[in-house]
Amino acid sequence: MNGKQRIESALSHRTSDRIPVDFGGTAVTGIHVLAVAKLREYFGLEKRPVKVVEPYQMLGEVDDELKDIIAVDTVGITPRNNMFGFPNENWKEFRMPWGQVVLVPKKFNTTREPDGSLLLYPEGDISAPASAKMPATGYFFDAIIRQEPIDDSRLNPEDNLQEFGPITEEDLRHWKAEVEKHKSSGRAIIATFGGTAFGDIALVPALQLKHPKGIRDIAEWYMSTLIRQDYIHAVFERQCEIALKNLASIFTAVGNEVQAVFVCGTDLGTQSSQFCSEETFKELYAPYYRHINNWIHQNTTWKSMKHSCGAVEPFIKHFIDSGFDILNPVQISAAGMKPRRLKDSYGDRIVFWGGGVDTQKVLPFGSPSQVEAQVIENCEVFAKGGGFVFNTVHNIQANVPVENIAAMINALKKFNGQQPAD
């Protein structure tokens, strides 16, 4: 079987010749650029600067050489412009604060503050206010909140719709070209078309806008889901209308060559609980998820992915009812998220994409043997009867010991009956 066939089997809750694997397919299943460089060195690949394909989280390109070693079954396609509103093209070398030389897009324009922090700008325009900041000792960017004081009498839902609009012909050509480039790769295509993330706090600050309007502070947004629900509904309703029209145009361009679509990354869980009640979820979020997922299932063969970190077990039945086919990242360290409980309760109705190893404690701080043991244990639980795509719990971070990442890869290969990576 090839990667596309393995992913399709998992999405249909069938077993295949081995557990399929994703690294780099989405912005929440990737590897930090520093860890990518360390992996390339560990496996004896050519030493060269790694492309930063997602600059907000500083995710590195998992290229075909590394995919072959890890046995990755996916390829991710993303919008023409990244989260800062400029395209990933015309690459240039750039030295990061930790000393690594990487490749960044031409419009990755920065300035430094006196304390060494790095500032990044919307559309790469340094004449605009900076939209993100990387501390001098950090490894990724944090959003800079650029919200004017809230005046409830003047709040206009249109302000929180600045970033949403009809898809352009240029964007459609981009999607068509991306699918054409990868459809014969033998790997499953995972698409992040954008525009369907209702209330994703990574997107609320609108890093790509030079002067964002509306509610852009993350804390204010969360409070608004309780105290300004009419406003949030108005934003979501219009966003949903735009998204449905855009999806129809995108489908005309790419057809059913795409296997899965990253629909929404709105986090609903903390380490021990949830950000909102089940009733709030059903009232505020579910109707719009249902519209998007119903359209996908009625018009395409795509499967839809819901990302949410945290203790979201009480919501999983609602994710399923809302039409989601896939749950990511499966945060097995959070309350109520034990692998066996999840698999026994929901494994025949939703695909678990992630949860292969804990990225809070075991992968960064455990020993290689502890990493191997947890990978084998989780694979034994999640792989039964299909419906499982291996990935870590969210992205692999910068300073995870490369020996532990290699132990994870080889444990998975061991479970799959493959030769260990050299």
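Biologist: Let me start with a term: a polar contact is a pair of N or O atoms within 3.5 Å, and within protein one must be able to donate a hydrogen and the other to accept it. With that in hand, which side chain is joined to R48 by a polar contact of 2.8 Å?

Modeller: That is D63, whose side chain meets the one of R48 at 2.8 Å. Keep in mind that this is a predicted model. The side chain of D63 also has a polar contact with R40, at 3.0 Å.

Biologist: Where is D63 found?

Modeller: Look at the loop between β2 (59-60) and α3, and you will see D63 there.

Biologist: Is D63 buried or exposed?

Modeller: D63 counts as buried, because its relative accessibility is 15% and the cut-off for buried is under 20%.

Biologist: If I skip its neighbours within four places in sequence, what is D63 in contact with?

Modeller: With R40 and R48.

Biologist: Oh, salt bridges. How many are there?

Modeller: The count comes to 27 salt bridges. As background, side chains of opposite charge can pair when their charged atoms come close.

Biologist: Show me one. What does R187 pair with?

Modeller: R187 forms a salt bridge with D68, at 2.8 Å from N to O. R187 sits in the loop between α4 (169-182) and β10 (188-191), while D68 is in helix α3 (residues 64-70), so this pair ties together parts that are 119 residues apart in sequence.

Biologist: And is R187 buried or exposed?

Modeller: R187 is buried, with a relative accessible area of 13%.

Biologist: Nice. Which residue does K210 form a salt bridge with?

Modeller: E123, with the closest N and O atoms 3.9 Å apart. This pair links distant parts of the chain too: K210 lies in the loop between β10 and α5 (218-227), E123 lies in the loop between β7 (118-120) and β8 (132-134), and they are 87 residues apart. K210 is partly exposed at 29% relative accessible area, and E123 is partly exposed at 40%.

Biologist: What about E241, which residue is its salt-bridge partner?

Modeller: R238, and the closest N and O atoms are 3.0 Å apart. Both residues lie in helix α6 (residues 229-254), three residues apart, which is about one turn of the helix. E241 counts as partly exposed at 43% relative accessibility, and R238 is partly exposed at 33%.

Biologist: Changing topic to the sheet. How many strands form it, and in what order?

Modeller: Seven strands form an open sheet with parallel pairing, in the order β3-β10-β11-β12-β13-β14-β15. At the edges stand β3 (74-77) and β15 (388-389); each has a single partner strand, so one side of each is left without a neighbour in the sheet.

Biologist: How many bridges pair β10 with β11?

Modeller: Two bridges, in the parallel sense, with β11 covering residues 260-264. If you want a spot to look at, A191 stands opposite V261 in β11.

Note on methods: Residues numbered from 1 in each chain as written. Predicted model: local features only at pLDDT ≥ 70, side-chain atom pairs only at ≥ 80, totals over all residues. Heavy atoms only, no water. Salt bridge = Lys/Arg side-chain N within 4 Å of Asp/Glu carboxyl O. Helix = DSSP H or I, 4+ residues; strand = E, 2+ residues; numbered from the N terminus. Buried < 20%, exposed > 50% of the residue type's maximum accessible area, 1.4 Å probe, protein only. Contact = heavy atoms within 4.5 Å. Pairing = 2+ DSSP bridges.
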